[in-house]
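Please keep the sequence and the model at hand while reading.

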Amino acid sequence: MIIKCQKCDEQIIESYIGKEYYKCLYLYMNLQRYGIGSQAIDVYMDKFENKIKAVYLFYFSCVHVYSIDNDFSVPELKELLKSHPIKMIYCEKSTAEYIGGNYSSSERPFTITYGWVAEITNVDEKHRESVQLASANDFKQIVQMIYGDEDIGKSYNKNELAEQLLQRSKEGYSRNYVIKKNDVVIAHACTNAEIDGVAIVAELIVNKEYRRRGYALEIWRAICEEVLKEGKRVFSFYYSNESRNLHKKVGFHEVCEWGKIVFNNNYMEV
């Protein structure tokens with residue numbers, strides 16, 4: 001049975017996740033950052049005979065799913081999604097396979113992309129290029145770059161992306177870094193989420209006209225180096241062999257396999 005969580009359930013969920021929070025980073029960090037009862041998130045548990053089978057956290061048009069044994073009810077999850085217009089399910093690879101195997105594409109067309117979660121403890125070398133914090137005037141260019149990317153952009157609604165980036169930046173939940181040439185943003189990277197002791201680096205993107213010149217490596221080294229100096233654990237998600245090679249070159253090592261289920265239309269229609 002799926003139940004909506006209350007504030008008193010936070011410690012129960014944290015105990016269920018335990019030390020393996022790297023298997024549900026965004027769920028864990030959004031829960032820590034906002035807390036149950038916040039307007040930013042909705043949190044549910046699937047329970048059977050008083051045992052947790054899965055945790056679901058809704059944030060904007062994404063639902064983050066975590067289950068230790070993948071023995072939750074997919075039909076009940078689909079019923080829950082009827083009241084939440086989501087575009088993407090974000091979870092560990094085995095969970096994505098479990099959901100996908102019990103979800104007919106005739107009900108709602110979707111694609112599953114598999115990748116990795118990785119952590120870095122030391123950067124391979126210091127960055128040399130000039131990297132700076134993004135200004136408010138840079139965000140329009142940043143959104144256009146991300147949304148225009150064939151791989152990253154398909155996971156977002158453009159207006160929602162802009163709202164997320166600005167909101168997280170204002171709240172101090174993320175930091176955006178850029179490399180600029182004559183006021184043109186040619187590379188971007190950010191901490192997509194930060195709490196005490198943990199950060200996720202993400203949205204690495206380079207202007208198409210400046211690719212294959214080393215800017216991705218430079219800005220990635222810079223942001224990782226900056227956050228590591230603060231004593232945080234630094235994680236990243238990636239889905240392509242090209243990105244995998246870049247991460248390994250900088251110093252990342254993989255900690256688990258990942259999956260995202262993206263529904264082909266903007267919102268669920270069930």
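Is E230 buried, partly exposed or exposed? E230 is partly exposed, as its relative accessible area is 38%; here buried means under 20% relative accessible area, exposed over 50%, and partly exposed in between, with a 1.4 Å probe and protein chains only. The model is predicted: local features need pLDDT of at least 70, side-chain atom pairs count only at pLDDT 80 or more, and totals for chains, interfaces and linings use all residues. Residues are numbered from 1 along each chain as its sequence is written, and side-chain values use heavy atoms, with hydrogens and water left out.

**Salt bridges: overview**

- Side chains of opposite charge can pair when their charged atoms come close.
- The structure contains 20 salt bridges, a salt bridge being a side-chain nitrogen of Lys or Arg within 4 Å of a carboxyl oxygen of Asp or Glu.

**The pair D124 and R221**

- D124 and R221 form a salt bridge through their side chains, at 2.9 Å from N to O.
- D124 belongs to the loop between β6 (110-120) and β7 (132-133) and R221 to helix α7 (residues 215-229), so the pair ties together parts that are 97 residues apart in sequence. Helices (H or I, at least four residues) and strands (E, at least two) are DSSP runs, numbered from the N terminus.
- D124 is partly exposed, at 36% relative accessible area, whereas R221 is buried, at 4% relative accessibility.
- A network of salt bridges links D124, E125, R128, E218 and R221.

**The pair E230 and K232**

- The closest N and O atoms of the salt bridge between E230 and K232 are 3.3 Å apart.

- A salt bridge joins the side chains of R244 and E254, with an N to O distance of 2.6 Å.
- This pair links distant parts of the chain, with R244 in helix α8 (residues 241-250) and E254 in strand β12 (residues 252-263), 10 residues apart.
- R244 is partly exposed, with a relative accessible area of 22%, and E254 is likewise partly exposed, at 28% relative accessibility.

**The buried residue T95**

- T95 is located in helix α4 (residues 93-101).
- The relative accessibility of T95 is 1%, so T95 counts as buried.
- When neighbours within four places in sequence are set aside, T95 is in contact (heavy atoms within 4.5 Å) with V65, S67, N70 and F72.
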